[in-house]
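I open this notebook to record what I looked up in the structure shown below. The entries follow the order in which I consulted the model.

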Amino acid sequence: MTMKIGLVGCGSVADYGHLPAIGEVEEVELIALADLNERQLKEQASKYDVKHTFTDYRNLLEMKELEAVVVTTPANTHHRIVLDALDAGKHVLCEKPISDEPDKGWEMVKAAKATGKILAVCFEYRLWGPFKDIKVWLDKNLIGPIHVLRLIYNWNGPNGEGQRRKLHMTVEGGPIYDCGVHYFDLGRWYLNSEYKQINAIGVHVEGYENPDHVIVTVEFENGTIGLIEESYIYTTRSKDWHKFTQVDVIGTNGAMCYLSTHGSPGVGELRVHSPEETIVTNYEAGEKPFAALHRAFAESVKRGKIVDIASGEDGVKAIEAAGKALNLARREKSM
Ligand SMILES: NC(=O)c1ccc[n+]([C@@H]2O[C@H](COP(=O)([O-])OP(=O)(O)OC[C@H]3O[C@@H](n4cnc5c(N)ncnc54)[C@H](O)[C@@H]3O)[C@@H](O)[C@H]2O)c1
């Protein structure tokens, strides 16, 4: 039996990520869409042949046949929409950042527990070739105890300039919160350890209240030290936009290095240096793994527990860490 789902928020990530991917996933059937913007709503409904459309998401939640809802609206709207969806008896797959404040995030987690529904968060990097393989090697303990972790993602930011960039630099918290949550999530997932100490500095280039480029140093509870660096101003004004992604894991017995300079974090080369051998893998899948994300969500609903996907709790722990880094990076500017 396929799971009938609805999606709230027919903007950018729904357009390039969720909507095309859902069509590839046999386990789910998209039957309803909601968006405040009627033009966008009708456009997507016609493109994906979706029967039911609503400008008020609360009407979508009234549909009895809907088992689950995908929330792809801006971060500051997730809390209300997710609570209403859980209250209406729906499972929820919520875009990152789970919320703009950890307290609201914990309330969402609590509501999911109380209703017995699945609340999962879109941290699809966990399912993306190189990022997933690094976790596989780590779990095999190939390079021994880990001492240092570096996670770097520098890019030009959402759509150069304009309304979308403004949304992501303000409501979404700028690069260290908006995009950084993916990497804060990878850090604790890779090491099975929580953040113990966080320090951060940032620069304000375009004049938003949130810094455009942030460098964070961290210490995990297990003693590993790390660096997380995020930018939305890397090549923004250059002739050609460029993206730079690097993940380094340094252990007692070896190191792993993933380097991507090809325009998508998913295209690059992973080198694993262990005592026995050096393994080099090239990745060419530039598309984010949204289909795998929806399969994992459907499987989680079927089994009644989180499987191969980040939970609401993971979502909140990532925003707690990213929020702390953002506050420190902002404070540094005002000194
Ligand atoms: N997982 C990823 O890799 C990834 C990538 C990009 C964006 N995102 C996240 O997805 C979310 C949306 O980002 P986006 O870039 O698509 O934004 P967007 O502005 O392009 O789209 C948001 C849409 O939500 C609609 N909307 C807003 N409030 C609503 C409400 N109350 N009811 C119904 N519709 C409403 C807007 O009209 C708009 O169409 C953000 O949380 C963002 O951080 C995640």
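**Entry 1: positive phi values**

I began with Asp 49, which counts as exposed because its relative accessibility is 69%; buried means under 20% relative accessible area, exposed over 50%, and partly exposed in between, with a 1.4 Å probe and protein chains only. I note that this is a predicted model, in which local features need pLDDT of at least 70, side-chain atom pairs count only at pLDDT 80 or more, and totals for chains, interfaces and linings use all residues. Residues are numbered from 1 along each chain as its sequence is written, and side-chain values use heavy atoms, with hydrogens and water left out.

I looked up the backbone of Asp 49 and found phi near 55 degrees, a positive value in a residue other than glycine. Asp 49 sits in the loop between helix H2 (38-47) and strand S3 (52-54); helices (H or I, at least four residues) and strands (E, at least two) are DSSP runs, numbered from the N terminus.

I then turned to Asp 308, which is not a glycine either and has a positive phi of about 55 degrees. I located Asp 308 in the loop between helix H10 (290-303) and strand S15 (310-311). Asp 308 is exposed, as its relative accessible area is 60%.

**Entry 2: a cis peptide bond**

I found a cis peptide bond between Lys 96 and Pro 97, with omega about -20 degrees. Pro 97 belongs to the loop between strand S5 (91-94) and helix H5 (102-115). For context on both entries, I recall that most residues other than glycine have a negative phi, and most peptide bonds are trans.

**Entry 3: the ligand**

Which residues come nearest to the ligand? I list Asp 35, Gln 40, Glu 124, Glu 172 and Lys 288, out of 28 residues around the ligand; a residue is near if one of its heavy atoms lies within 4 Å. By class, I count 11 nonpolar, 9 polar and 8 charged residues in the shell. Here Ala, Val, Leu, Ile, Met, Phe, Trp, Tyr, Cys and Pro count as nonpolar, Asp, Glu, Lys and Arg as charged, and the others, Gly among them, as polar.

I checked the distances from ligand oxygen atoms to side-chain N or O atoms. The distance is 2.6 Å for Glu 124, 2.8 Å for Glu 172 and 3.4 Å for Asp 178. The protein covers 88% of the 850 Å² of accessible area that the ligand has on its own; these areas come from the Shrake-Rupley method with a 1.4 Å probe. Helix H1 (12-22), helix H4 (75-87) and helix H7 (163-169) are the elements that give two or more residues to the shell.

Why does the ligand lie between domain 1 and domain 2? Domain 1 (3-123 + 290-310) and domain 2 (125-285 + 321-334) both give residues to the shell around the ligand, so it lies between them. The domain bounds come from an automatic or database domain assignment.

**Entry 4: the largest nonpolar core**

I next examined the largest nonpolar core, which has 78 residues; Tyr 190 and Val 216 touch the most other members. Such a core is a set of buried Ala, Val, Leu, Ile, Met, Phe, Trp, Tyr and Cys residues joined through side-chain atoms within 4.5 Å. Helix H11 (residues 312-334) gives the most to this core, with 9 residues. Both domain 1 and domain 2 give residues to this core, so it lies between them.

**Entry 5: pairs apart in sequence**

Arg 126 lies in the loop between strand S6 (119-121) and helix H6 (129-139), and I record it as buried at 9% relative accessibility. Arg 126 and Trp 189 are 63 residues apart in sequence, yet 8.5 Å apart in space, C-alpha to C-alpha.

Asn 192 is placed in the loop between helix H9 (180-191) and strand S8 (195-203). Asn 192 is exposed at 61% relative accessibility.

Key:
Polar contact = N/O pair within 3.5 Å; in protein donor to acceptor, adjacent residues only side chain to side chain.
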